[in-house]
Amino acid sequence: MAISRRDLFKMGMAAGTALSIPSVLRAQTSPADARTVRMVMGNLKAFDPVFTTTASNHALAIYDQLFAVDSKLTPQPQMVRKWGVSEDKKTYTFELRDGLGWHDGTPVTAADCVASIRRWGQVKPGGQLIMARAKDISKKDDKTFTIALKEPLGLLIDLFASAGQMVYVMREKDADRPATEQVTANIGSGPFKFNEALAKPGASFTYDRNEQYVPRKEAPDGLAGGKIVKVDRVIWDVIADPQTALAALQAGEVDFLSNPPADLYSVIESDPNLALRALEKVGGIFFARMNCLQKPFDNVKARQALLHLIDQEAFLRVLSPDPKYANNVTSIFGNHPQYSNDENTGWHKKGGDPGKAKQLLQEAGYAGERIVILQATDYATYGDAAQLLAAALRNIGVNAELAPSDWGGIAQRRANKGPVENGGWSIFISDWGIDDLSNPLTCPLLAANGENGWYGWPKNDEYEAVRTKWVDVDTLEERKVLAREMQRLWWDFVGFAPLGQTIQPIAHRKTLTGLLEASLTPMWNMQKA
């Protein structure tokens, strides 16, 4: 019987012995002291949270936000001391709290906030909505700015605070850069300073405690409250191979591992020094996102083919073998307690429907073109799902090709709107939190505004007209009606193909405490025994 490398890894762990870690890894991960935390969270190739969605944890450390959500997803002020709205609900006034300063020693001003909102509003769905309704956004004095609207926008604060799309405030001179150009300065006003001198792209990035940072007085709660830093330094280690990363965690070379391999959960749980925890309680959906600008997925029938092809049970066995972390999903809102519904879900069949998928591809005029699937090498779940999808496509005669890369490389390549012959792509695998899916105004995945939208660029004007009504309805029942109509349209034009819903636990050494439960990974509040 052939024994795979992963089987060998499991056997070694079960015997209580850590596999040998390559010397290059040991060189970059010498045992950390009690004031330094080492975290493995994938690769970091883009640093601007407006330019890319992959820089959120980096941005959370070095930038501050106007508002942030607590553990109940309620927006709370962060940089803002107080705010108010006029009687006609059209003018909002915000005053910044005391003690805000940039890492370069200059004070944070209202002009920085205005420039940051305007840049954020160029590309983020919630920001685009605000900008469409804004008559003026301007500085009143150094600590006060106003937003004057053409018509009321009751969800304005929610749009600022959405966890996946919040406003990260940058210096005015950085925020004046177009949203299509990446800000590279890495100078914020947040609780950590980015250490440029110690940055080793592809190996590690270092964040030092900002000793001048003044946290809020409230207790930390989700992404809100006081950002109290209890360590001197956090090192973001880049370890591409998931098994090597887990070996480093077991050996005490690192303290935290995001996205551990699902088939090794039992190894983590059996190790007395490690803990497996779900910091995000509701989880998210895994999906295949298609490039709607290029063949064959510029044809809606090709996208529908992928929807019919997916066998969610098979994908969930790869994504999350432990059933307590996994469920089928047929709603664009995931299994959300309020908005999940069964509208237009007749496509879902146990085991998928390869015959229907093949028929739809033929109707789409598929003629053997290469379908390039971006395959993450440093996130086992993404990579394994990409392999399974490629196999399913090949089984119905599709010329499917995997393009392996670390996630940082995928984040760069997926911005390419061109054909695969010019470095473009056809499909990538990702996941999205249910918390974000509950607000289609701020969730880029649920927008269908074409080339102005998120990677994949689906476009459907009828759907967009329904989605934008969300901001003008006040009751849960009205939103449930909109949710059903949105879903009816979405599964017709197919903005993504769901693979299943999972809760993604993280792994950490038990000596690391104070981890906050949130959809992102705050570096504050944690400490080491």
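Predicted model: local features only at pLDDT ≥ 70, side-chain atom pairs only at ≥ 80, totals over all residues.
Reader: What describes a pair of aromatic rings?

Author: Two values do: the distance of the centres and the angle of the planes. In this structure, a search of the whole model finds 36 aromatic pairs. Take Y339 and W470, whose ring centres lie 4.9 Å apart with 70° between the planes. The pair is edge-to-face because planes over 60 degrees apart fall in that class.

Reader: Where in the chain do Y339 and W470 sit?

Author: Y339 is in the loop between β16 (326–327) and α12 (354–363), while W470 is in the loop between α16 (461–467) and α17 (476–493). The two residues are 131 residues apart, and the pair links distant parts of the chain.

Reader: Are Y339 and W470 buried or exposed?

Author: Y339 has 8% relative accessibility, so it counts as buried. W470 is also buried, at 2%. The cut-off for buried is under 20%.

Reader: Which type of pair do F428 and W454 form?

Author: F428 and W454 are edge-to-face, with 5.7 Å from centre to centre and 70° between the planes. F428 belongs to strand β19 (residues 427–433) and W454 to the loop between α15 (434–437) and α16, so their pairing ties together parts 26 residues apart in sequence. F428 is buried at 0% relative accessibility, and W454 is buried at 8%.

Reader: What describes two packed helices?

Author: The angle between their axes and the distance between the axes. Helix α4 (residues 110–123) and helix α5 (residues 125–133) pack at about 110°, and their axes are 6 Å apart. At that angle α4 is roughly perpendicular to α5, because the class runs from 65 to 115 degrees. The crossing of α4 and α5 is left-handed.

Reader: Which residues of α4 and α5 meet?

Author: From α4 come I117, R118, W120, G121, Q122 and V123; from α5 come P125, G126, G127, Q128, I130 and M131. By class, this contact has 6 nonpolar, 5 polar and 1 charged residues.

Reader: How many residues of α5 are buried?

Author: In α5, 7 of the 9 residues are buried, and the helix is mostly covered. The buried ones are P125, G126, G127, Q128, L129, I130 and R133. The elements that cover them include α4, β7 (134–141), β8 (144–149), α6 (156–161) and α16.

Reader: At what angle do α10 and α17 cross?

Author: Helix α10 (residues 300–309) and α17 cross at roughly 105°, and their axes come within 7 Å. That angle makes α10 roughly perpendicular to α17. V300, R303, Q304 and L307 of α10 make the contact with W491, D492 and F493 of α17. These residues divide into 4 nonpolar, 1 polar and 2 charged.

Reader: Why do residues three or four places apart point the same way in an α-helix?

Author: An α-helix has 3.6 residues a turn, so residues with that spacing point the same way. The α10 side of the contact lists V300, R303, Q304 and L307.

Reader: Is the crossing of α11 and α13 left-handed or right-handed?

Author: The crossing of α11 and α13 is right-handed. The axes of helix α11 (residues 312–319) and helix α13 (residues 380–395) come within 9 Å and cross at roughly 145°. A314, F315, V318 and L319 of α11 are in contact with T381, D384, A385, L388 and L389 of α13. By class, 7 of these residues are nonpolar, 1 is polar and 1 is charged.

How values were computed:
Residues numbered from 1 in each chain as written. Heavy atoms only, no water. Phe/Tyr/Trp six-rings, centres within 6.5 Å; stacked < 30°, edge-to-face > 60°. Helix = DSSP H or I, 4+ residues; strand = E, 2+ residues; numbered from the N terminus. Buried < 20%, exposed > 50% of the residue type's maximum accessible area, 1.4 Å probe, protein only. Axes fitted to C-alpha atoms, helices over the stretch in contact; angles between N-to-C directions. Parallel < 35°, antiparallel > 145°, perpendicular 65-115°, else oblique. Left-handed = near helix turned anticlockwise from the far one by under 90°. Contact = heavy atoms within 4.5 Å. Nonpolar A, V, L, I, M, F, W, Y, C, P; charged D, E, K, R; others polar.
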